[in-house]
Amino acid sequence: MTALLLGALGLALSRFVPPALARARWTSREPRAAIVLWQAVTLASVLSAIGVVLAAPEEYVRARGAGPLGAEWILLGALAVAGFIVARLLAALVAVTGGSRRRRARHRMLVDLLDRAEQHGDVEGHLPAGSLRVLDGEVPFAYCLPGRSPRVVVSGGALRALTREELAAVLDHEHAHLRARHDLVLEAFAAVHRAVPRPLRSRTALDAVHLLLEMAADDAARRHHGDQPLRGALATMGGAVAAPPEAAGTGRDAERERLRRLDRLSPGAPRPSRAAGAAMCALAAAVLLLPTVALVLPWLLQARAGWPL
């Protein structure tokens, strides 16, 4: 029965909850807490899958009966499958992080070579020393390259198209990505996405978390500069205000959603809703803890009493 319930929970958390959560507007009230909720949903779905692999064989043995040797082999088989799931996740994480770091290293070398230092002016004062790079080009864009030697890259077109306040908001947005290491969050979700078998994959969680990370960086810029400079920068630069090359972009849909969010927020209130954040963190804890307390712990106690090892 535990395996069946865990299977139903894992199916709900992986197939039905993500689309509903991605469509919800209330998550944008406090994007950082919403990211925690997404992490809880994703982790709980993975743990449910591992729980099914471990619980189903034990319940089968208990219901049908098996000799000590047969039960040991069934247990070893279940542990092997669970280990394979964990190993696949770890391999995907290593592949995603390693690939991202190699691409960033090459990209960092290129922007260092192409940097127009004479255009830095007083812009660099908004960022840690040595992290700004300016590239030639009429198209206004800005993005960050995280890592041990982070870079914030802007185009000459952005320097010309944005007002001083808008440019400062953009730079604070990018610095927020670097300071909070949003790249690590996105890489973790990308690794889970890669580890899931191809027929079962869905980009829903990955794209939703990417948008929430942009909103979290927006909040950091709003705290220092208010809504209007950020709104103006978004309108001028389109979807390129924060577009790391290796990130999964959501394009103009994301830009429009970020602008709609700025319109929904009350004027002159740069801080997001604390009540919404607390509620989402509580929901995230419930997603992780309640199934464990209600399903897994009773099963472990029962299995330990009856297992031959």
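This is a predicted model: local features need pLDDT of at least 70, side-chain atom pairs count only at pLDDT 80 or more; totals for chains, interfaces and linings use all residues.
Two packed helices are described by the angle between their axes and the distance between the axes. In the model, helix α7 spans residues 204-225 and helix α8 spans residues 227-237. Their axes come within 7 Å and cross at roughly 130°. Angles over 145 degrees count as roughly antiparallel and those of 65 to 115 as roughly perpendicular; α7 and α8 are therefore oblique to each other. On the α7 side, the contact is made by D218, R222 and H225, and on the α8 side by D227, P229 and L230. Classified by residue type, this contact of α7 with α8 comprises 3 charged, 2 nonpolar and 1 polar residues.

Strand β1 covers residues 132-135. Its residues L132 and V134 point one way from the strand, whereas R133 and L135 point the other way. All four of these residues, R133 included, are buried. Strand β1 is joined by 4 bridges to strand β3, residues 151-155, and the two strands run parallel. Within this pairing, V152 of β3 is the bridge partner of L132.

Two segments, residues 73-99 and residues 275-301, are listed by UniProt under "transmembrane region" in an unreviewed entry. In the model, the span of residues 73-99 is 100% helix and 0% strand, and its end C-alpha atoms lie 38 Å apart. For residues 275-301, the span is likewise 100% helix and 0% strand, with a separation of 37 Å between the end C-alpha atoms.

Note on methods
Residues are numbered from 1 along each chain as its sequence is written. Side-chain values use heavy atoms; hydrogens and water are left out. Axes are lines fitted to C-alpha atoms, for helices over the stretch in contact, and angles run from 0 to 180 degrees between N-to-C directions. Angles under 35 degrees count as roughly parallel, over 145 as roughly antiparallel, 65 to 115 as roughly perpendicular and the rest as oblique. Contact means heavy atoms within 4.5 Å. Ala, Val, Leu, Ile, Met, Phe, Trp, Tyr, Cys and Pro count as nonpolar, Asp, Glu, Lys and Arg as charged, and the others, Gly among them, as polar. Buried means under 20% relative accessible area, exposed over 50%, partly exposed in between (1.4 Å probe, protein chains only). Two strands pair if DSSP finds at least two bridges between them. UniProt positions are given in the numbering used here, feature names are shortened, and annotations may be inferred rather than shown by experiment.
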